[in-house]
Structures are given as C-alpha cells and as structure tokens.
Amino acid sequence: MGDTGPIRTTCAYCGVGCGITADVASGAGREVSVSGDTRHPANAGRLCSKGTHLGETVGLEGRLLHPRIAGERVSWDRASAEVAERMRACIAQHGPDSVAFYVSGQLLTEDYYAANKLMKGFIGSGNIDTNSRLCMASAVAAYNRAFGEDVVPCSYEDLDAADLILLVGSNTAWCHPVVWQRIEKTRARRGTKIVVIDPRRTETAEQADLHVPIAPDGDIALFNALLARMHAQGLVDAAYMSAHVEIAPDFWDDLACDPGVDPEIFEALCALVAAHPRMVTLFSQGANQSVCGTDKGNAIINLHLAMGSINWIGAGPFSITGQPNAMGGREVGGLANTLACHLGFSEEERRAAAAFWNAPVRCSGPGLKAVDLFRAVHDGRVKFLWVMATNPAVSMPDSAVVREALARCPTVVVSDVIADTDTARHADILLPAEAWGEKNGTVTNSERCISRQRRLFDAPGEARADWRIIADVAAAMGWGEAFAWKDAASVFREYAWMTGLAQARGKCLDLTHLGDISSADYDALEPFQWGGARPLASGYPTPSGKARMVRVEVPERVPDAEFPLRLNTARYRDQWHTMTRTGLSPTLSQHRPEPLLEVHPRDAARYGLVAGGLARVVTRQGRAVFRVDVGEGQRPGEICVPMHWSDAMSGEGRANRLPGAQVDPVSGQPGFKNSGARLEPV
Ligand code: SF4
C-alpha cells in the first residue's frame, strides 16, 4: 500500500488493548515488525508474547479471498444479492425473528454498529448476539443491576495506586499479561498486596501474597461472608452508603455464611480487606463463565459499595474482558438485550432509535442470547443465520448441538478471514473479510479506552471491511440510503451522534463531541477513555442517583454420583480462542504444543492415570482424550483442560464438547466452568 513508516495501531488479541507500533517492510510482501507503543496508556510500550509475535500471523495461508456460494467463486454483487434474497424470502415467509446474526468481539466498533443497525433497525428483530456473551455478559448484567448502566467504574491507573488487589477467577499472568506486568510494577513500587481467589493454583496464584482456593462457584459464599464480617466489625463506610447506596432494610439479615475456605486463609483475607480500603477487585472469566456469574459480580460490587471502595483512585470493582473489542460491542448494541448505545427496549427508546436511524420498523424487543439463539437454529425457529468473525462450532458450549444446528439451518452465511474453519464448513455463502492489519476502525478496551486499529496492508483478494459487507447487503435489500457510508470514519461519526440518545437519558456513554470529527482527525485519533477515569464519581445513572446493593444468595451444591469431578476450562498463555490466528505462529506453539488434562495426584491415583499418559474426560455432553499432567495446581476432585484446540488427542472430541449449555439466568452467559465429569484411562 506504499506506506512504509511506523503505524500506530492496537493488538488483535485481548481486552487489555495494548497499543502497537508496526513497522511494515517496503515492497509487496506482508512483513511487519511489531513493538509496544510507548505512547499508548494501556501498555506504555509493553507487549506480551502474543502481541510480540503478531507479525508471524499476517501471512495469507488459509485466507478466504473471494465470495463463494455453495463452494463456487462468485462476484461480490452476486454474493450480496444472494444473501439479501435469501434473507428477504425468510423474513417474508417466517417473520423477522427467523433471521439471526451471531457476531464477535473481533469486529471493530464500526462493524458492530452496521450489523446492529441492520438487524434492530431494518430487519426489525433483536436477534443479534455476540461471542462476548461467552466472555463477560455476567459482568455487564451485574453492572447494570448495581449502577443502572453497563459502566466499568475503574481505570488501569487504579492498578498503579491500589494498596490491595483481589484477582477473582483470573489467571492474569497468562490471560492479561500486560496488566499483570503493571500489577507487579505497582507491587515493587508501593508494596501492594495481591490476593488470588481461584480454585486453581495458577501461575498468578503462585506469585500472590495470598491464594484463596475456593470451590468452583464458591465466590458468592466467600464475598458474602467477607461482607458480613466487615459489617459485623463496623468497617463498612456508613457515610458513603447513606449518601450513595440503595440497600434493602433486611439486606444484612442472615448474610453471614460459611466462606467455604480454610478458616486461617479467610482470617488473613479479612485482615487484608479491613486494612486496605484502597482496593481493586479485578474479575474475569472464572467469575463470569458460571451459571451464577451475575450474582458473583454483584457480590463483588456489594463489598466495594459497602466499604466505599469505589470512585476514588486505586479503588473499585474492575471487570476485565477477553477480546479486543468486547467493550465496543457492549457500547454499540452487539448484545441481544441492548438496543443500541446503552439503550433498553422501552417503547420510548425503540421509537428514538428508529427515528435516529430513519428505520422502517421498530425492533420488537430483546433478541435471543447466544445459547438460546443456537437452540432456535437447532429447532428450526431461526432459518437464516449470519456468523461474522467467529467460530461457534468450536467455541460454543455443547458444541455438538451447535454443529447439528448449523447443519440443519436452511441458510448459513459466514463472513470471516479464514476459508476453512469448523463453522465455515457449514456455510452456504462465504464472504471474505479483512483481517487484523487490513482493518481500519476503532476498538474499546477494558478500561473504556477507545483506540484506532489502523490498516498496515492492502486487503488480499477481494476481502472487504465487515461494515462494508453489511452495508452492501443492506443496499441489496433496498436500504442503501441508510447505509451509504464511504469509509469507517463516516460510520463512526454516525455512531458518535447516536450516543446522544444515551446521554439524553442520563447515561454516561457520550461521544457526541466526535460526531463531526473529520476523516483526517479520525485517522489521527489518539486513545481516549469515554467517561474519563472514574465515570461514576459524580453519581450513578439510576433513577435515584444511588448505586444498588443487590442481595445474592449462595448457590446450592448438588452432588453428582455419575460425574463426581468438577471440570474447569482455561486458557494457555500463548494461545488465543480457537487458534485460527495464534496457531499460525511457530513461536507461540512452543509454549504448550498440545492440550493437557491437569489432575491432582490423588485423583490420578484413584483413576489409574500416569503423568504423560492419556485419559478420557467424560461429561453428559461429550468426551475427549487428553495427555495427563499430574500436579498440585488442581484441588482434589477438580480437573482442568484448555479451551483452544478444536480436536483433542484422539479426534474423539474437543474441550468445548464437554461443558453443558446451562446459562446464568440473568445474563445468559454459559457456565463453562464447574461441569460434572469423570475420568477413564485410555
Ligand atoms: Fe495483546 Fe493482550 Fe498481550 Fe496486550 S496483553 S499484547 S492486548 S494479547
């Protein structure tokens, strides 16, 4: 593309959202050397192994380069017309709710905006959901319940100033490594105490001042017991609560409970929390990926509200996301239960959104969340499915059912960068999308910082930006005027203006100052946080202006004689999702070349397993064979496998065939952790 100078962009992977400086070699090749952007507030020049080796993943091997219908190469006009015709026929015969989009935190905000506008404004259904549902939907629901809006009340600078950091369900050293480096720096500088609350003794737990090894889903018992203890000792901040918190009169009744951990460890935790109100709780997938994930989030938030440990530097409940733009999707409306820009589905909000879009219909209400969406595909209620930039055949729980659903669906459209994914094999129509390094737009990281992803290379073949693929289909449906954007900047401007609807309803999300941003200024946009460092400091966006402490109950434990072990799934340091990108890097594959079953020595002996041998994990949903890794990292009775590989050792199954599709009743997030399992020697 002719631009050979350093280009500032953002990493393709996790929600830390590190800034990258990319040096693209001159010439027609795709050689790029990557380093950390010293001016980006998320990382100040640091990168982890995945970000550092991004240059190894930008080759064209396996790329989808041309639109295809039933495997045959076709023109873009023909492909867009075919998608539109099938969608139009489906809507005419079965109604708008027979159509669904399943999208991704890999999309840029502009792509998300276009997809959401097409579905909720023009098709007239709420049936767009995102793979972020699998990642942090429970944190969204918890924030909404407590604050009245999905607002992360913290910033990374809080990690620099905290006296105590609680890491809940987070192997931060592996999954958000640059945040971990920041925490280590804070600890070295000011002696910050680090507590890891996790059933597994992870690499992060090894380095903590205190590891609190809860049982799977033991978070609520621990946080309720901790909160009850702080209340009993008179350590809650009565002045803060009186001014800023709504609480039921009977909230404290019978809150005290068994914390579920060794009493000495619990006492040590209580002492740390009592002594350090400047406390950040960083919570991640171990908390969210649970059938009680929303309640866990509120149990954490309750502690912060009661202690007044929120909205001042170094204090707050901080959910950290998995994907590079999960947050952008949350803002724009990529979740089926958000209309757009933090708006709900009241008649008044739907009317306002439809008027803004000049849309022909009003979306009838919330759509199907991911697990329910694929169930609806499976049982024939959804007959047209468009999957964008994600691989649900591998990543969804109970993936055997998801594959059946894809096989049965009359029309499956897949827009992606890779030609042959497990999901693409089910596609009737394949649409080639731009990859990282070719895309141009914005992402939002875990601290609400919006950054630019910039183009490094020309798109190969006929690959197009996702927002443009969507706009072309909309035009083929007859709605071209409403989707006539000429570039990513014009999509962003429209989105920025639309946040005015949220702002007018007292929400914190407000980008209207960028509604007239010029294309040149958009190109040069520096990273910035919407809402500032502490967006809730001047009040909560609830009707009363106060936050809500939501009473949550400890879930009942039901023993399962047939599947007596508890199975967790986890990430490896150097792999990402279903490995469609990191699997291309030889360097990254060296860290853990194969998936390992982690098992405690007592369980290994009980099931006749030896280190380095093979074992089969069996659950109600599926079975998979793994090489055995015996160690003290797991508690007795608990096992863990990684989520990345699409096929485990024998080809018999894959890790995500193992968890069931039970979901949190509030957020709809699947409970990937804590599935009943048993082991068999192979
Ligand atoms: Fe990329 Fe996350 Fe690593 Fe930063 S911490 S370089 S965003 S993978």
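The legends below accompany several close-up views of one protein chain. The structure is a predicted model, in which local features need pLDDT of at least 70 and side-chain atom pairs count only at pLDDT 80 or more, while totals for chains, interfaces and linings use all residues. Residues are numbered from 1 along each chain as its sequence is written.

View 1. The chain is divided into domain 1 (6-57), domain 2 (68-135 + 333-479), domain 3 (138-320) and domain 4 (565-681), with bounds that come from an automatic or database domain assignment. Its secondary structure comes to 23 helices and 26 strands; these are DSSP runs numbered from the N terminus, a helix being H or I over at least four residues and a strand being E over at least two. Along the principal axes, the C-alpha atoms fill a box of roughly 70 × 60 × 55 Å. For 682 residues a compact globule would have a radius of gyration near 26 Å, and the 24 Å of the chain agrees with this; the radius is taken over C-alpha atoms, and the globule rule is 2.2 Å times the number of residues to the power 0.38. Of the 682 residues, 59% count as buried, where buried means that 20 or more other C-beta atoms lie within 10 Å of a residue's own, exposed means 12 or fewer, and partly exposed is in between, with C-beta atoms placed from the backbone. Two residues are in contact if their C-beta atoms, placed from the backbone, lie within 7 Å, and among contacts between residues at least 6 apart in sequence, 75% join residues at least 24 apart.

**View 2. The shell around the ligand.** There are 14 residues around the ligand, and Cys-11, Cys-14, Cys-18, Cys-48 and Gly-51 come nearest; a residue is near a molecule or strand if its C-beta atom, placed from the backbone, lies within 6 Å of it. Domain 1 and domain 3 both give residues to this shell, so the ligand lies between them. The helices α1 (49-52) and α7 (177-190) each supply at least two residues of the shell.

View 3. The 14 residues of α7 should span 20 Å at 1.5 Å a residue, and its end C-alpha atoms are 20 Å apart, which agrees; the expected span is 1.5 Å times one less than the number of residues. Buried residues in α7 include Pro-177, Trp-180, Ile-183 and Thr-186. The buried residues of α7 pack against α5 (156-161), β8 (164-168), α6 (172-175), β9 (193-197) and α8 (203-206). Just after the helix, Gly-191 takes a positive phi of about 70°.

**View 4. The loop between β17 and β18.** Asn-445 lies in the loop between β17 and β18, and Asn-445 is buried, with 32 other C-beta atoms within 10 Å. Leaving aside residues up to four places away in sequence, Asn-445 touches Gly-15, Val-16, Gly-17, Ala-42, Met-327 and Ser-451. The C-alpha atoms of Asn-445 and His-40 are separated by 12 Å, although these residues are 405 residues apart along the chain. Arg-448 is also placed in the loop between β17 (441-444) and β18 (449-453), where it is buried, with 24 other C-beta atoms within 10 Å. Although Arg-448 is not a glycine, it has a positive phi of about 70°.

**View 5. Where domain 2 meets domain 4.** The C-alpha centres of domain 2 and domain 4 lie 30 Å apart, and 17 residues of domain 2 are in contact with 17 residues of domain 4. On the side of domain 2 that touches domain 4, α16, α17 (392-395) and α18 (399-408) each supply at least two residues, and the largest share, three residues, comes from α16. This side of domain 2 divides into eight nonpolar residues, four polar and five charged.

View 6. Asn-358 is found in the loop between α15 (347-357) and α16 (370-378). Asn-358 is exposed, with 11 other C-beta atoms within 10 Å, and its phi is near 55°, a positive value in a residue other than glycine. In α16 itself, the buried residues are Ala-370, Val-371, Leu-373, Phe-374, Ala-376 and Val-377, and what covers them includes β6 (99-103), β7 (128-130), β14 (384-388), α17 and α18. The helix is followed by Gly-380, whose phi is positive, near 90°.

Terms used:
Ala, Val, Leu, Ile, Met, Phe, Trp, Tyr, Cys and Pro count as nonpolar, Asp, Glu, Lys and Arg as charged, and the others, Gly among them, as polar.
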